[in-house]
Amino acid sequence: MMNGLSVEAWQQKIQDAASLEDLDLIRVELLGKNGAITAQLKALSQLDENEKKEKGRILNEIKGSLISSIQSRKEQLELAILTKQLESEKMDLSLPEIPYQGGKIHPISQVIQDITTYFAQFGFTVATGPDLEDDEYNFTALNIPENHPARNMHDTFYMANVEKLLRTHTSPVQIRTMLQKGAPIRILAPGRVYRSDDDATHSPMFHQIEGLMIEEIGSPDHIHFGHLKGCLVNFCRSFFATEDLPVRFRPSYFPFTEPSAEVDIGCERTAKGITIGKGASWMEILGCGMVHPNVLRHCGIDPERYQGFAFGIGMERLAMLKYAIPDLRAMFENDVRWIKNVGLSAITGLQ
Amino acid sequence: MRFTLDWLKDHLDTQASAEEISLALTSLGFEVEEVINTGAQYKGFVLGEIIDLKPHPEADKLNLCLVNYGQAEMLWVVCGGRNVRKGLKTIFASVGCVIPESQTVLKKGVIRGVESAGMLCSSTELLLTEVIPTTEHGIIDLETTLPHGTALMEVLAKEFNLIQDTVIEISVTPNRGDAMSVRGIARELAAKGLGTFKPLEDITLDEKEICSLDIIIEDTTGCPYYTARPLKGIENAQSPQWMQNRLKAVGLNSKSLAVDVANYVMWDVGQPLHCFDMEQLSSSIVVGKTIPGTKFQALNDKEYELSGKEVVITSQDRSELYALGGIMGGASSASTPNTKNILIESAYFSRNAIAQTGQRLNIISDSRMRFERGVDPELVEYAQKKAAQLIHKYGGGTIGLAVTQGNKPLNELTITLPIEKVAQVTGQSYSKETIKDILQKLHCKIMKDEKDFLDVRTPSFRHDLGESIDLVEEILRLAGFDDVPALYLPTVIQSKSLVLQDQLIRKAMCQKGFHEAISFSFTSENVVKNFLFDPQVLNALEIKNPISADLSMMRPSVLCTLLQGVQRNIARKQSNLSFFEIGPQFNMKAEQENMLTALRTGRRQDKHWLLKDDKFNIYDIKQDLAFLLSSLGLSDQSYQLNQDDKPAYYHPGRSASLKQGPKTLAYFGELHPLVLKNLDIGQDVIAFEVFLDRIPGQKIKKAEFTPLSPFPLVKRDFSFILDEKVEAQTLLKAVLKVDKNLIQSVQIFDVYKGPNLPEGQKSITFEVSLQSMTETLKEETIQEISQKIISSVENATKGTLRQI
């Protein structure tokens, strides 16, 4: 008996403790400095050796079981408190987080990137040149001498107070690069070009990629019109991810290439718009040809020793077809709703 | 260039359909723009007659007409025409016809309870109001003896002289002057095997000496060869209907016989002609140059001031100016319907002279188009004779003797074509026989046929064949591109990394939430002024021939056009914006600077419960810039910030440049409130600009591991009271230089200005992290470094340690 209660009664009292505070009072009553167990353990010293040993063992057993009961009750009570606390901490996770807002890449840039990546596998590297060009590089060196009627096709912007014009194509980059590096050469020249044309289907500024490949005649790298065909047929099919895309080469005229061709791809025109692939119609998407000997001569390259091809692709039309963009003019308006809508993710490259 | 099938057959004996001809033209390099079959829309419409008539039982204004339309069975048709009567001949449309006006298919219908098996047409419904006049609410009323059931197309041809023909429009590339005529097109089609090219007729004229005329060519370079032929006493009224029809079909208006004939012959064979009113000419005319500054009243009602370089047709004393040679006639000497005596000019003008004049004066004419692309010298005389013949035939009068001056140029050239060159360029081996055959079909002559080469004589009408590559192209063009097998290029292993700077920038900027913008490289002078630039200083950026005043100057800063975009977005209630653009801008010497320009405005987020005051601030853009530069391999240790050197369009106190020595890498800051006010933007805008050409190229570094210290990191706080003008970077530098090995980082975590501090002072509090690679730092060492930090900062900033 301790303080008039049996061990069992104390055990029950521990189990019944309703709070940590109550439990602690019981602990003090039993095990505190003046607690019942403590007092009985102290009283052991009055007893003889045998009795002391026997009673001490029993007392310590009782003490151990009481401590263990108090501990386990304490854990129960603490868990109950934590559970209650966690319940009270519940949050409404349906509230919106701050959304991650990644920017979008302009479709024109994406097309340029796709094309430069595609041609890189054939050893083409990117070359650049200035937007404000000399007449010489934009026209004369490209076999378009002064008074050539082809100049009328270009609707050129000229600068008022300096002897420059706004390049009408990125072809002058091939001249600059050939003059600098000679042949053989494989380059792509993407960039802004300008023509004074302004209506629903023409913008005074647009983008072009010019490709140029010159190799030595008769060498293992010798290239001819058949390579030009293969290279561009594959490109069209890869770009539009359409394996059986019909691709047609038509004779045309550019002063800087000969023979020259325009390339059409198959499409279907319906009231809903244009679908690329097999269909009743053709759509022109690029111009190309074997580099004219006069262009090579202008760049100090011997046309008896080297030949190659060049091609020029307008980026806007490709972007509009690939990403279903209806309106050319919106490309340069920078309406934030537009770029969110048709721009491309920097991570996935998808719209 | 337009032509009709009917006209084409004057020069080409062919059975080919319009579709076959279109395909052949495309494969020959003439892009077919349009094929218009004007007759096609009248398919199924026939001549009918009302045999019997009775009123509609249910409707006052309708009648039931029994129509004979040439078939065994007659049909009852409901008709609302007010002019219906027994015996009226009109146009009947049976079920299935497409009504041209409405483009609807005619169905068997029930009109107010009565079945109608077709329709009687008005000219409005047939789009023929100009040809067959009808009364209001009336159907076509024809007087004709043609049998019932005659097709409308035939009715139009026989009763109204209106031939329904197929019109084909092609675009002719500027190298092919020879194809700017119906005859030239026929010649190409014949070469492609679509028929037989017909020879030109020999023209014999009944000519008489009717007047004396002197022609003097003074400018033999501009005009080496000139012929003229007078006709007297003609009646210059309308040209015949067939000619008018053809001219109309190809887009030319009918004027008078002489003018129509000149146009017709030009279109037919490609030689431009001009008809003068002889009465307005002096008896001796000069083909030469005139006095600079002379004014010329052209036929197009415009006045041109001449430079004196143009080839003109004048009186010998230069007092009268008759024509701008080869381009356009003058108003005063033009023939009119009243003209009795005319002079037909047919000449050969040099391509260069015409191109120069045309470009300088900016005159476009059919004549210029042909001369500058090159005409066939062999046809100069033929065309003049043909015109005289036609005018005489339809206008009567007397044909005079032609006057010819100068020498007919010989536009033929012998080119040596090495046989192997054909395969070398095209990739396809054609036999020598094939090569010769193609060249001969193109009217080239084989002058020499050797084992390895051919000497080829080009025809007089081709101005684009100058060297062997031109012949190679012709062979490939005629043989067809489909013949050449497509070969694929082998792939090449890239030793260099393919990541381009632009791509890297785009990824970095998108990661930071910027959208990519592309704006025009030009802007308006007004925007440039609004940007506090002096347009006078920037006059190098002015465009001579801008498309509009809004696009009249190259932009001196990409921000000009980006901010125009901000303006438009705000107008559309989109005011939280982050944009970047990679593109050119131009300095006062019109030199191009390739830029990365970015701006932010508004809030980071549209209203959000987690974010209260969330406006972008200057340190956001500073972070963006630092992140971008580090993506390009530039740590913040590699450049210096300078708050004194930046453009005027920034807020003077909230902007700076980043420099590497004297070189400016970038600007950033808040835009000047005045700029924003000028552009009507009512919210702050922060921006940065990076000069991409000045960013050092990234070297690919060898991978190297920096070991991590196993010893404890010690942190100490310091607070200094400083003059408010002292820049934080001065303090940071002073701390960092104390011990580069032990000081791992310095973090400013408080900046204070306020009542507890004297006026003009501020406090900066920062934490220094110390760590050694080799030992646990001893208290004495820490003390020693702390003392050094204090004295270094005090020295550099003249500030004092604040006792915390």
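Predicted model: local features only at pLDDT ≥ 70, side-chain atom pairs only at ≥ 80, totals over all residues.

I started with the interface: chain B and chain A bury about 7,500 Å² between them, counted as accessible area (1.4 Å probe) that two parts lose on being put together, summed over both. Carbon and sulfur atoms give 59% of this area.

Residues are numbered from 1 along each chain as its sequence is written, chains are lettered from A and ligands numbered from 1 in the order written, and side-chain values use heavy atoms, without hydrogens and water.

I listed contacts (heavy atoms within 4.5 Å): 87 residues of chain B touch 94 residues of chain A.

I searched for salt bridges (side-chain nitrogen of Lys or Arg within 4 Å of a carboxyl oxygen of Asp or Glu) and found six across the interface. I checked Glu333(A) with Arg572(B): the closest N and O atoms are 3.4 Å apart. Strand E34 (residues 577-586) of chain B gives the largest share of the side touching chain A, seven residues; strands here are DSSP runs of at least two residues, numbered from the N terminus.

I turned to a sheet in chain B: three strands form an open, antiparallel sheet in the order E1-E13-E3, pairing meaning at least two DSSP bridges. Strands E1 (2-4) and E3 (31-37) of chain B are the edges.

Notes:
Helix = DSSP H or I, 4+ residues; strand = E, 2+ residues; numbered from the N terminus.
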